[in-house]
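Biologist: I have a model open and want to learn how to read it. Can we take it feature by feature?

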Amino acid sequence: MRGDQVADGPSTAAVVRRVLRIGLPVSGDFVLRMGMSAALVGVVAGFGAGPLAAYGIGAKVMLLVTMSCYAFRQATAILTARAGGRSAARLLGRQSLLLASTTACGMGLLLALGGRRVMRLFTADPAVAEAGAVFFRCLLPYLVLLAGVVALGGVFTGAGRTRALFTVTALGACVQIPLAYGLSATSLGVQGVWLAMILATGAQYGVTWVFFRRLTGGRAPGGDGDRAAGDAEGTGEAGERRDAGAEDAVDVHKW
């Protein structure tokens with residue numbers, strides 16, 4: 001090889017394009033989540049300073065819970081990228097889901113039961129403390145559902161399928177914001193906002209689970225998965241072993 005020839009490997013432009021293709025949806029996911037929180041501030045502010053202060057304090061406290069779930073997500077992303085294969089990703093996703101859900105449920109219960117005491121660490125106003133206690137009680141399901149969304153997102157990140165994360169968050173925004181305005185205008189009042197958060201996160205959880213199943217081995221009707229299953233059935237146990245081995249050999253970055 002001549003000295004002026006470039007060594008084999010991707011060009012700088014190709015690397016930059018891949019980094020942007022994977023990184024931009026992740027940044028968009030965080031920006032959109034922050035935008036959703038800011039939009040809710042405008043809705044809650046209509047109910048007065050007490051509920052707004054309770055939301056501001058409560059959201060920051062719950063951030064401690066969600067950040068612990070993001071730790072599981074980061075670990076899952078790293079391990080998924082290193083392990084390769086759908087079976088490994090499926091196992092990692094389920095383990096991360098269990099750990100994050102258990103953490104969120106435990107910490108959420110503590111907040112639901114001791115929310116008033118937690119709020120009194122930040123405010124001396126009894127009305128704000130009471131509103132915060134209601135906030136924590138109402139949003140226990142929200143924390144558990146969000147933990148699942150965050151935990152399974154580690155598989156998508158490790159596989160380079162970050163657009164799925166942005167899609168899930170965009171769906172949540174489309175559900176949460178209109179519901180927050182609509183439900184808060186009913187007799188539920190500000191609790192309608194908390195219900196909107198739960199329902200939107202439940203929708204995100206459902207879509208995330210569907211994406212996870214497809215990414216890690218879910219079978220699409222009439223697709224390649226069904227044909228492979230039929231072939232394996234026709235060839236017996238040896239065919240099943242070959243199909244399983246082929247599945248495990250799939251590189252997650254090429255799904």
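Predicted model: local features only at pLDDT ≥ 70, side-chain atom pairs only at ≥ 80, totals over all residues.

Biologist: How many disulfides does a search of the whole structure find?

Modeller: A disulfide covalently joins the sulfur atoms of two cysteines. Here the search of the whole structure comes back with zero.

Biologist: Is Cys138 buried, partly exposed or exposed, and on what value?

Modeller: Buried means under 20% relative accessible area, and exposed means over 50%. Cys138 has 23% relative accessibility, so it counts as partly exposed. Cys174 counts as exposed because its relative accessibility is 60%.

Biologist: Next, the largest pocket. How much space lies in it?

Modeller: About 530 Å³. Its lining has 24 residues. Nearest the centre lie Arg33, Met34, Ser37, Leu63 and Tyr142.

Biologist: Which helices supply at least two residues each to that lining?

Modeller: Four entries to note: α1 (12-45), α2 (49-83), α5 (140-158) and α7 (191-215). The most comes from α2, with nine residues.

Biologist: What classes of residue make up the lining of the largest pocket?

Modeller: The lining has 16 nonpolar, six polar and two charged residues.

Biologist: Now the loop residue. Where does Thr216 lie?

Modeller: Thr216 is in the loop between α7 and α8 (224-235).

Biologist: Is Thr216 buried or exposed?

Modeller: The cut-off for buried is under 20%. Thr216 has a relative accessible area of 0%, so it is buried.

Biologist: What does the side chain of Thr216 reach?

Modeller: The backbone oxygen of Phe212, at 2.7 Å.

Definitions and conventions
Residues numbered from 1 in each chain as written. Heavy atoms only, no water. Disulfide = S-S within 2.5 Å. Buried < 20%, exposed > 50% of the residue type's maximum accessible area, 1.4 Å probe, protein only. 1 Å grid on protein atoms, 1.4 Å probe; cavity = no way out; pocket = protein on both sides within 12 Å on 5 of 7 lines; lining within 4 Å. Points joined across faces, edges and corners; volume = space filled by probe spheres on them. Nonpolar A, V, L, I, M, F, W, Y, C, P; charged D, E, K, R; others polar. Polar contact = N/O pair within 3.5 Å; in protein donor to acceptor, adjacent residues only side chain to side chain.
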